[in-house]
Amino acid sequence: MTKTLTMIYRHLNYKNVKDSNGKAIGKAKLLKSLAHSLRINPSSNNKISETKKFEWDDSKSDRNWVYAPQLTGADFVRLNTLTDEQKKKIQESFINKMNDEQKAKDEKSDAISSLSKYKAKINKWHNSISGNDDPLKNYLAKILDQKDIFSIKNEIDQLSTFEFARKNQKTETVRKFLELHNEVIESKADISRSKVFVQEAFFKIPVGNKFQMSGKDMIHNIRSFYNDNFPDYPIQLIVFHGDEVGNHPHIFVDAQNSKTKKYDLLAAQNRFVNDHIEQIKIDYPEAEKLDFSIRSYKTKKLQAQYFQTLFYQH
């Protein structure tokens, strides 16, 4: 008789949110999890509880492995070969990225304010021109409505073909409007307060299964699952723990798409589930594509169930 092997897969989503007191609770939870994963020693400075050390066996520390591209390159190294300073550098890199993007977003708000002022000037100019068929009025209406990046040279060349009063002054007003428009579009940040910015996942085979999978295989399984199915979302860190009861890997994935720069990993994972619904039916014959426009507990539960199934099948 074939014995069914059970497995535990979980993932945690860290959001850029603050509590009522302004504390960045999403970042705090991520830092705490990273401290655990990286085995950062408790101290009065990092406020990590001494009791967290009871969760692992220090005598088995040579069984832990870490992959952190910014520090280890493409290689896995033994976690106990890293200094606390190196571990903290990895930990802080997650938050530094977020802080830099939030700063850029705050700076972008200044450009938006300036853009609004120049847009108002051009709109006033547009409205002062009589006749709806006037070529200059139509040109101004076009640039006011455009959502994409401008070719500033082409737009200024086209503007120069028209005759109008105070030409140099108004040309510079249009030029500044075009530059600010492009700046806002190009620097657009998608890191709103409610966005998931990092996803952590891990899986473990309960010891009751009496089945051993090598650390190398466990790392390969979770790494290849994300690389194969979500290649545009960089893996920031993988830590394998061989010093606890039940060996397991943790993976931390950037929720920002490296191509579009949008924080939409969850949307990509929803599409992944629906795109593989026929594969899911192998285990759940009644499975149907989910309507993610319906924000319900049932939809969320089924998405998690189907996603885990696809990981197990992988």
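**Exercise 1. Sort the residues lining the largest cavity by class: how many are nonpolar, polar and charged?**

Step 1. Keep in mind that this is a predicted model. A search of the whole structure turns up 1 cavity of 30 Å³ or more, and the largest cavity has a volume of about 40 Å³.

Step 2. List the lining: Phe 94, Lys 97, Met 98, Phe 197, Val 198, Gln 236, Asp 254 and Tyr 263.

Step 3. Now sort them. The lining has 5 nonpolar residues, 1 polar and 2 charged.

Step 4. Next, see where they sit. Helix H3 (84–128) and E4 are the elements that give two or more residues to this lining, and H3 gives the most, with 3 residues.

**Exercise 2. Work out the strand order of the open sheet, and say which strands stand at the edges.**

Step 1. Read across the open sheet of 6 strands and you get E1-E4-E6-E5-E2-E3, with antiparallel pairing.

Step 2. Look at the two ends of that order. Strand E1 (8–15) and strand E3 (77–78) each have a single partner strand, so one side of each is left without a neighbour in the sheet.

Step 3. Zoom in on the E3 end. Strand E2 (residues 65–67) pairs with E3 in the antiparallel sense over 2 bridges, and Trp 65 stands opposite Arg 78 in E3.

**Exercise 3. Which elements give two or more residues to the lining of the largest pocket, and which residues are closest to its centre?**

Step 1. Size it up: the largest pocket holds about 970 Å³ of space.

Step 2. Go to the centre. Of the 28 lining residues, the closest are Asn 13, Leu 266, Asn 270, Arg 295 and Lys 300.

Step 3. Assign the elements. E1, H8 and H10 are the ones that give two or more residues to the pocket lining, with the largest share, 8 residues, coming from H10.

Step 4. Finish with the classes: the pocket lining divides into 12 nonpolar, 9 polar and 7 charged residues.

Methods. Residues numbered from 1 in each chain as written. Predicted model: local features only at pLDDT ≥ 70, side-chain atom pairs only at ≥ 80, totals over all residues. Heavy atoms only, no water. Pairing = 2+ DSSP bridges. Helix = DSSP H or I, 4+ residues; strand = E, 2+ residues; numbered from the N terminus. 1 Å grid on protein atoms, 1.4 Å probe; cavity = no way out; pocket = protein on both sides within 12 Å on 5 of 7 lines; lining within 4 Å. Points joined across faces, edges and corners; volume = space filled by probe spheres on them. Nonpolar A, V, L, I, M, F, W, Y, C, P; charged D, E, K, R; others polar.
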